[in-house]
Amino acid sequence: MKQFIAIATALAITCIAFPASAQFAKAEDAIKYRQSALFVMQQNFGRVAAMASGKAPFDAKVAADSAAVAEFAARLPWTAFADGTDKGRDNRAKAEIWSDKAKFNEYAEKTQLEMSKLAAATKTGNLDSIKSAVGAVGGTCKTCHDAFRKE
Ligand code: ASC
């Protein structure tokens, strides 16, 4: 019984600490997964960013729906940068992702935080708030790419 409680507790803690931790059969799958998640995130963020910059007409409902998807997608890629997934499929991940995990994780969390703020801004429908939130998200994309993405 004691052992059962210990195992159940360990499982519960693991689930709370790593809600979205995914395991992959092959490095190729992990790379494809994170590339897909980042693509979905970028497509949805890009749609809102185009509205914020005036390149696309502002549609509050489309902006809110897109930002909600981008916010969700922003939670997905990071678990797929597991050890041993630097090679296996064409990709631009730099070795620093694995040698400087603390910084990479910090940037990943910042991206999620700013994406959540953008999702909140789109719910208000206020274009000025959306513009500044888009700028903040774009900044986190760029900071991370400059450090961790090959040209
Ligand atoms: C995008 C995209 C990025 C960021 C970046 C912001 O839409 O694909 O990498 O925004 O350009 O500076």
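How much accessible surface does the chain have, and what share of that surface belongs to carbon and sulfur atoms? The accessible surface comes to about 9300 Å², and 59% of it belongs to carbon and sulfur atoms. The model in the viewer is predicted.

**The whole chain.** Begin by displaying the chain as a cartoon. Its secondary structure amounts to 6 helices and 0 strands, and along the sequence the pattern reads α-α-α-α-α-α. Of the 151 residues in the chain, 29% are buried. Next, consider the contacts with a separation of 6 or more: residues 24 or more positions apart account for 75% of them.

**The helices at the ligand.** Now select α2 (27-52) and α6 (127-148). Each of these helices supplies at least two residues of the shell around the ligand. The largest share, 4 residues, comes from α6.

**The shell, residue by residue.** Show the side chains of Gln42, Phe45, Gly138, Cys141, Lys142 and His145, the residues around the ligand. By class, this shell holds 2 nonpolar, 3 polar and 1 charged residues.

Move on to His145, which places a polar side-chain atom 3.4 Å from a ligand oxygen atom. At Gly138, turn to the backbone: an N or O atom there lies 3.4 Å from an oxygen atom of the ligand.

**The ligand itself.** Finally, select the ligand. Taken alone, the ligand exposes 310 Å², and the protein buries 60% of that area.

Methods. Residues are numbered from 1 along each chain as its sequence is written. This is a predicted model: local features need pLDDT of at least 70, side-chain atom pairs count only at pLDDT 80 or more; totals for chains, interfaces and linings use all residues. Side-chain values use heavy atoms; hydrogens and water are left out. A residue is near a molecule or strand if one of its heavy atoms lies within 4 Å of it. A polar contact is a pair of N or O atoms within 3.5 Å; within protein, one must be able to donate a hydrogen and the other to accept it, and residues adjacent in sequence count only if both atoms are side-chain atoms. Accessible areas come from the Shrake-Rupley method with a 1.4 Å probe; for residues, only the protein chains shown count as cover. Ala, Val, Leu, Ile, Met, Phe, Trp, Tyr, Cys and Pro count as nonpolar, Asp, Glu, Lys and Arg as charged, and the others, Gly among them, as polar. Buried means under 20% relative accessible area, exposed over 50%, partly exposed in between (1.4 Å probe, protein chains only). Contact means heavy atoms within 4.5 Å.
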